[in-house]
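This report concerns a ligand-bound model and a sheet within it. Please examine the sequence and the structure shown here before reading on.

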Amino acid sequence: MRTIDWVDGAVEIIDQTALPDELRMLRLATVAEVVEAIQSLSVRGAPALGVAGAFGVALAARLHHAEPDRLAQAVREIETARPTAVNLARGARRAAGKLPQGPTAVLAEACAIRDEEIAASEAMAARGADLMLELCGDRPRLLTHCNTGGLATVTIGTALGVVGELHRRSALAGVIASETRPLLQGARLTSWELARWGVEFRVAVDSAGPFLMARGEVDAVILGADRICANGDVVNKIGTYAHALGARRSGLPFVVVAPESTVDHDTPGGAAVDIEDRGAAEVSATFAAANPAFDVTPHDLVTAVVTERRVIRLDRGEKV
Ligand code: MRU
């Protein structure tokens with residue numbers, strides 16, 4: 001199943017805000033609908049955002065090809081709909097690069113981005129599973145955070161694709177899905193995907209992660225990224241840094257799985273990244289709140305980054 005695709009002249013997505021209660025498709029037929037779907041997290045996860053951005057520009061090209069100013073404005077709105085995952089602006093800009101050749105060329109580029117993410121998922125799953133077995137020995141117990149499955153990509157996923165591949169190899173002893181406050185991507189979405197795949201798992205509150213590691217219930221942490229900086233810093237869902245600290249304290253591998261489309265050589269380190277703050281309403285109906293949607297895990301806490309092309313052993317001094 002593709003969780004995002006181009007269908008009959010519009011973008012079709014699974015509405016991730018409705019899961020796990022309801023599997024509902026959304027058809028996005030205007031630029032405003034694409035931007036709204038991105039901002040409300042109906043479509044989310046870095047690679048899926050890249051595909052959404054590209055399809056959004058394809059839609060804009062179709063609807064507004066005779067109005068250059070409106071088209072340029074639409075591209076700007078799409079690429080800035082959320083600031084942190086590099087894939088969104090990158091996907092939108094790559095598709096926009098074909099605008100001089102017309103709407104058909106833009107759509108072809110967007111479909112190429114979709115297909116590349118599908119292929120990247122498959123390659124990461126195999127490469128990542130091999131690495132986890134090398135790092136942990138047979139049948140590891142893994143902790144993951146946020147949602148990095150098909151919902152966050154197009155088909156299989158990044159870190160969760162590795163989890164699925166280990167399950168298929170009968171080489172997985174357990175999964176802890178960190179719930180991922182405040183929007184519960186782990187408790188709602190990762191759990192939904194793992195249940196569909198028949199993988200046994202437990203949901204844990206985010207703050208339990210480091211303690212479960214200290215108590216010996218986890219063999220490694222595996223998760224995704226929204227941006228991997230030139231120095232190896234990993235920007236990912238808020239709560240990632242705490243899991244990395246817990247893993248370091250317990251001497252556990254901390255593995256990041258992300259496609260090359262998430263590696264950003266133009267951003268020197270995590271301090272340079274615009275971290276989205278989603279405002280108080282998601283956290284408290286009454287009080288002021290700090291609500292950063294992402295955090296930065298310094299590169300020295302990362303064991304390895306797995307992409308579709310390489311395993312980068314940051315713990316051995318290898319460079320992104
Ligand atoms: O706010 P979200 O749900 O878009 O954040 C998503 C994440 O942080 C994921 O871990 C990341 O994009 C990797 S998805 C393969």
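The text below treats the surroundings of the ligand, and then the sheet and a helix beside it.

The model is predicted. There are 18 residues around the ligand, of which Arg44, Ala46, Ala152, Gly224 and Lys237 come nearest. Two elements, α2 (46-64) and β9 (234-237), each give two or more residues to this shell. By residue type, the shell around the ligand divides into 8 nonpolar, 7 polar and 3 charged residues. Because domain 1 (4-116) and domain 2 (125-316) both give residues to the shell, the ligand lies between them.

The sheet is described next. It is open and consists of 3 strands in the order β1-β2-β3, with antiparallel pairing. At its edges lie β1 and β3, each of which pairs on one side only. From one strand to the next, the twist averages 25°.

| Strand | Residues |
|---|---|
| β1 | 4-7 |
| β2 | 10-14 |
| β3 | 25-28 |

The antiparallel pairing of β2 with β3 extends over 4 bridges. Across these strands, Ile13 stands opposite Leu26 in β3. Helix α1 (residues 31-39) packs on the sheet, where α1 touches β2 and β3. The direction of α1 makes about 140° with that of β3.

In summary, the ligand lies between domain 1 and domain 2, since both give residues to the shell around the ligand. The sheet β1-β2-β3 is open and antiparallel, and helix α1 packs on it.

Note on methods:
Residues numbered from 1 in each chain as written. Predicted model: local features only at pLDDT ≥ 70, side-chain atom pairs only at ≥ 80, totals over all residues. Near = placed C-beta within 6 Å. Nonpolar A, V, L, I, M, F, W, Y, C, P; charged D, E, K, R; others polar. Domains from an automatic or database assignment. Pairing = 2+ DSSP bridges. Axes fitted to C-alpha atoms, helices over the stretch in contact; angles between N-to-C directions. Contact = placed C-beta atoms within 7 Å.
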